[in-house]
Amino acid sequence: MRSSPDRIRNVALVGHRGAGKTALFEALLFEAGVINRIGAVTDGGTVSDADPDEQSRQMSISTTLNSFQWSERKINLLDTPGEPSFVADALSALRVCESAVFVVNAVMGVEVGTSRLWARAEELDLARMLFVNMLDRERADFFRTLDSLKSAFGQHVVATEIPIGSEHEISGVVDLVDMRAYRYEGDGRSAAREEDIPQELAERAQEYREKLMDEVCEVSDSLMERYLEGEEISHDEIVGALKEGTNHGNIFPVVCGVATRNLGTNRLLEAIVEDLPSPVKHGGLELGEVTLDPVEDGELFAYVFKTRADPFAGRINMFRVYQGVMRHDTQVLNTRAHAKERIGQLTVFEGKGTEPAEEFGPGDIGAVAKLKETRAGDWLADRDEPIEMPQIKLPGPVMAFAIEPRSKGDEDKVFTALRRLQEEDPTIDLHRDPQTGEQIVAGLSQIHVEVIVDRLKSRFGAEVNLKPPRVPYMETIRRSAKAHGRHKKQTGGRGQFGDCHIEIDPLGLDEGFDFVNKIKGGAIPSSFIPAVRKGVQEAMERGAVAGYPVKDVRVRLVDGSYHSVDSSEIAFKLAGTQAMKQALEQADPVLLEPIMLVTLTVPEDCVGEVIGDLNSRRGRPQGMEPAGAMTEIKAEVPMAELLSYAPDLRSITAGQGDYSMELLRYEEVPGHLAQKLVAAAADEHAAA
Ligand SMILES: Nc1nc2c(ncn2[C@@H]2O[C@H](COP(=O)(O)OP(=O)(O)OP(=O)(O)O)[C@@H](O)[C@H]2O)c(=O)[nH]1
Ligand SMILES: [Mg+2]
């Protein structure tokens with residue numbers, strides 16, 4: 001049965017790693033009657049963390065979708081991974097949802113992941129709600145967490161309920177809209193018993209109700225006036241204004257509970273239905289000239305946001321319909337590949353299994369197996385309209401390994417499997433090292449690459465060895481130089497002749513490569529100029545210092561000569577390479593290394609030791625600030641010093657510390673280290 005778009009809720013559960021999203025997903029599925037037993041993350045029994053590698057690591061690695069009916073709505077709920085290495089999945093889920101529920105750990109408060117994802121949800125203009133989880137844990141504090149949320153995300157973050165009791169004595173919540181208490185006994189479905197607010201909480205409840213009213217009444221001027229004049233605001237008016245404010249991203253309601261005890265989760269489900277916007281409310285999607293409206297009688301436009309590579313079931317694509325209806329047994333067009341795709345069976349994810357579906361209407365999210373060309377990022381449409389989603393800004397892969405099959409002859413198998421995994425995860429980078437010819441796999445972190453290796457084995461039966469990561473050093477030049485390259489050969493019949501003069505200058509940081517043709521009077525015929533350029537670029541693949549690629553150079557081709565019979569592209573290319581090699585040697589070439597911006601979250605009492613360790617890694621701390629119960633440190637550290645940082649940070653912080661990093665820029669390698677790199681490169685060269 002097709003759901004009408006105003007009855008759909010597309011909701012992503014997002015948040016910092018380990019905040020309890022998967023546990024909450026499980027509890028919500030249970031509350032909605034999709035599953036009849038709550039599985040635990042700790043014993044690998046949840047719907048969402050179904051992959052063996054998710055279970056062994058006890059973390060989500062890819063987004064899980066489940067769809068169900070609740071309260072006459074269709075809810076598409078997506079559980080996303082919090083680990084920054086898999087952020088691509090969380091971001092692609094946010095993209096296709098109207099709202100996000102941020103799951104926050106009540107012991108830790110706002111964490112790095114919370115803030116990062118908040119910023120993304122803000123960019124996408126999503127409605128946001130927050131679930132303060134883990135109130136049963138030692139040192140959990142709802143009010144401290146609420147304060148940290150307010151100071152991070154502003155005054156419009158406001159509690160609509162507060163907990164009764166804390167830590168192991170947590171027993172329920174007080175609803176600040178209807179000012180009633182709900183006690184939970186056991187963890188059965190809808191186990192809440194309604195009662196009066198306990199005496200000892202009355203004052204606090206009143207205080208937080210006023211804060212809520214201040215926010216709610218801001219939704220409309222007339223409401224605010226009446227409120228300030230002390231008039232009674234009816235229950236329905238409060239509910240209506242809260243919904244309105246939340247829908248438009250003017251209010252961010254905070255609810256709370258304990259996912260693993262199913263405490264407060266039925267109320268969250270209610271809030272998702274009542275307060276979060278439908279695709280209709282959120283409005284059409286504008287893509288340049290085209291606006292896609294959530295209407296059934298429009299042409300079909302569906303966006304594929306996630307691909308899963310399964311060696312048995314083939315490719316499974318998850319899509320969101322933006323306009324029109326996706327029907328089974330039809331043909332659609334893939335607008336990137338310009339290829340027809342047959343939509344065979346459509347699929348709905350329900351609990352651990354799937355159900356066939358006939359169609360998905362506008363605003364809905366579903367899945368389809370066995371498409372030939374289609375993968376994440378593609379559009380499926382009735383006609384070949386060239387539309388594109390704005391690119392999601394993804395972190396660049398920094399942790400590179402050389403990968404080789406354990407058994408010889410498996411190269412193709414490994415490579416095909418890697419390609420499939422890359423379809424699933426755009427943050428994986430695959431390339432060949434131009435210097436060594438090795439197959440390089442680069443990911444966002446150690447864990448990321450480990451997961452890739454595990455998946456190669458478990459899904460594709462391909463076992464590989466990883467070689468220690470290589471730092472992607474580069475080279476550049478510090479001053480201008482001139483050089484002349486001439487390739488001349490007379491062998492038997494036709495000779496070879498190419499001749500060029502170039503001048504090179506340093507460019508600014510990260511400006512790359514610029515080639516300017518200054519040839520006058522046809523000294524080199526224009527048909528040979530691309531060959532010179534190609535020769536120059538080939539020389540730049542192996543710099544003069546230690547053979548690393550060269551960047552940030554401008555090359556001007558100023559003069560040359562040719563021979564009407566003997567000149568050829570190859571001869572000009574060789575002349576270009578020769579000239580560039582010479583020029584680079586004379587231009588004060590230097591080695592560059594990648595500098596990472598590292599963001600760490602560590603317990604306060606470890607800060608000193610962590611900073612000391614960073615200093616010993618040539619790191620430069622850039623500042624720190626409290627992040628919930630932890631301290632966030634930012635530091636610039638050369639990548640070469642971070643190759644095996646994860647285990648070290650783990651041991652300094654007794655497993656509590658966490659970090660992520662991104663490439664900041666390249667900087668010159670200090671002299672004494674550069675010398676070592678030059679010597680190492682020379683050894684390697686001699687050995688080869
Ligand atoms: N005591 C307690 N433990 C919880 C609660 N919610 C989750 N946990 C536990 O905390 C751990 C992390 O929970 P997950 O649900 O895997 O967290 P997540 O946010 O999905 O983690 P990632 O997917 O890795 O980002 C698991 O061991 C859960 O059993 C809670 O409310 N109370
Ligand atoms: Mg999870």
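I began with two residues, and found that Thr22 and Ser60 are both buried; buried means under 20% relative accessible area, exposed over 50% and partly exposed in between, with a 1.4 Å probe and protein chains only. I note for myself that this is a predicted model, where local features need pLDDT of at least 70, side-chain atom pairs count only at pLDDT 80 or more, and totals for chains, interfaces and linings use all residues. Residues are numbered from 1 along each chain as its sequence is written, chains are lettered from A and ligands numbered from 1 in the order in which they are written, and side-chain values use heavy atoms, with hydrogens and water left out.

**Metal site.** What coordinates the magnesium ion (ligand 2)? I found Thr22 (OG1) and Ser60 (OG), at 2.0 Å. Donors are N, O and S atoms within 2.8 Å of the metal (3.2 Å for Na, K and Ca), and water is not among the atoms, so sites may look incomplete. Thr22 belongs to helix α1 (residues 21-31) and Ser60 to the loop between α2 (52-57) and β2 (64-70), so the pair ties together parts that are 38 residues apart in sequence. Helices (H or I, at least four residues) and strands (E, at least two) are DSSP runs, numbered from the N terminus.

**Helix α1.** I checked the cover next: 11 of the 11 residues of α1 are buried. Among them are Lys21, Glu26 and Glu31. The buried residues of α1 pack against β1 (8-14), β2, β3 (73-79), β4 (99-105), β5 (127-133) and α9 (265-275); contact means heavy atoms within 4.5 Å. After the helix comes Gly33, with a positive phi near 80°.

**Strand β26.** Is β26 (residues 439-443) mostly covered or mostly open? I found it mostly covered, with 5 of its 5 residues buried. Gln439, Val441 and Gly443 point one way, Ile440 and Ala442 the other. Strand β24 (residues 399-405) runs antiparallel to β26 and is joined to it by 5 bridges; two strands pair if DSSP finds at least two bridges between them. Ala400 has Ala442 as its bridge partner in β26. Strand β25 (residues 429-432) also pairs with β26 in the antiparallel sense, over 4 bridges, and there Leu430 is partnered by Val441.

**Thr347.** This residue sits in strand β19 (residues 346-350). Why does Thr347 count as buried? Because its relative accessibility is 16%. Beyond its neighbours within four places in sequence, its contacts are Thr354, Glu355, Ala357, Phe360, Gly366 and Ala367.

Of the 16 residues that line the largest cavity, Ile61, Phe86, Glu424, Asp425 and Arg455 are closest to its centre. On a 1 Å grid over the protein atoms alone, a cavity is a set of points where a 1.4 Å probe fits but cannot get out, a pocket is an open set with protein on both sides within 12 Å along at least five of seven lines, and lining residues have an atom within 4 Å of a point.
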